[in-house]
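Hi,

Here is the structure I promised to pass on. Have a look at it first, and then read my notes below.

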Amino acid sequence: AQYPSNWELSTARANSVLKLLLDLGFPPFRLSAAGYGEFYPLAEGDTDEVFEQNRRIELKLTSR
């Protein structure tokens, strides 16, 4: 398997969004990526619907 765990898969997803933002011109010192795997679900369970709900990207915007 390309991603041996959900943690690695979620981190790869986060990194792909980070790369897109870099390509769009966002300054790298303003960005970070994190993957949480199965540790912060929106919904509990093991159905396809639950997996779809938990398969997400979250963006957090802050000002400094």
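Where is phenylalanine 39 found? Phenylalanine 39 lies in the loop between helix 1 (6-23) and helix 2 (48-54). Before I go on, please keep in mind that this is a predicted model.

Phenylalanine 39 is partly exposed, at a relative accessible area of 46%. Together with Trp7, Tyr36 and Tyr40, Phe39 forms a nonpolar patch on the surface. The accessible area of these residues together is about 510 Å².

Now the overall picture. The protein has two helices and zero strands. Its radius of gyration is 14 Å, well over the 11 Å that the globule rule gives for 64 residues, so the protein is more spread out than a compact globule. Along the principal axes, the C-alpha atoms fill a box of roughly 40 × 30 × 15 Å. Buried residues account for 8% of the 64 residues. The accessible surface is about 5,800 Å², and 53% of that belongs to carbon and sulfur atoms. As for contacts with a separation of 6 or more, 44% of them come from residues 24 or more positions apart.

Helix 1 has 18 residues. From its first C-alpha to its last, helix 1 reaches 26 Å, close to the 26 Å expected at 1.5 Å a residue. Just after helix 1 comes glycine 25, with a positive phi of about 105°.

Is alanine 43 buried or exposed? Alanine 43 counts as buried because its relative accessibility is 15%, and the cut-off for buried is under 20%. Like phenylalanine 39, alanine 43 has its place in the loop between helix 1 and helix 2. Leaving aside residues up to four places away in sequence, alanine 43 touches Val50, Gln53 and Asn54. Asparagine 15 is another matter: alanine 43 and asparagine 15 are 28 residues apart in sequence and 23 Å apart in space, C-alpha to C-alpha.

On to the charged side chains. The structure holds one salt bridge, which glutamate 58 forms with arginine 56. The closest N and O atoms of that pair are 2.6 Å apart. Glutamate 58 is exposed, with a relative accessible area of 56%, whereas arginine 56 is partly exposed at 27%.

That's what I have so far.

Cheers

Notes:
Residues numbered from 1 in each chain as written. Predicted model: local features only at pLDDT ≥ 70, side-chain atom pairs only at ≥ 80, totals over all residues. Heavy atoms only, no water. Patch = residues over 30% accessible without salt bridge, like charges linked within 9 Å, V, L, I, M, F, W, Y side chains within 5 Å. Areas by Shrake-Rupley, 256 points an atom, 1.4 Å probe, with all protein chains shown as cover. Salt bridge = Lys/Arg side-chain N within 4 Å of Asp/Glu carboxyl O. Helix = DSSP H or I, 4+ residues; strand = E, 2+ residues; numbered from the N terminus. Buried < 20%, exposed > 50% of the residue type's maximum accessible area, 1.4 Å probe, protein only. Expected span 1.5 Å × (residues − 1). Rg over C-alpha atoms; globule rule 2.2 N^0.38 Å. Contact = heavy atoms within 4.5 Å.
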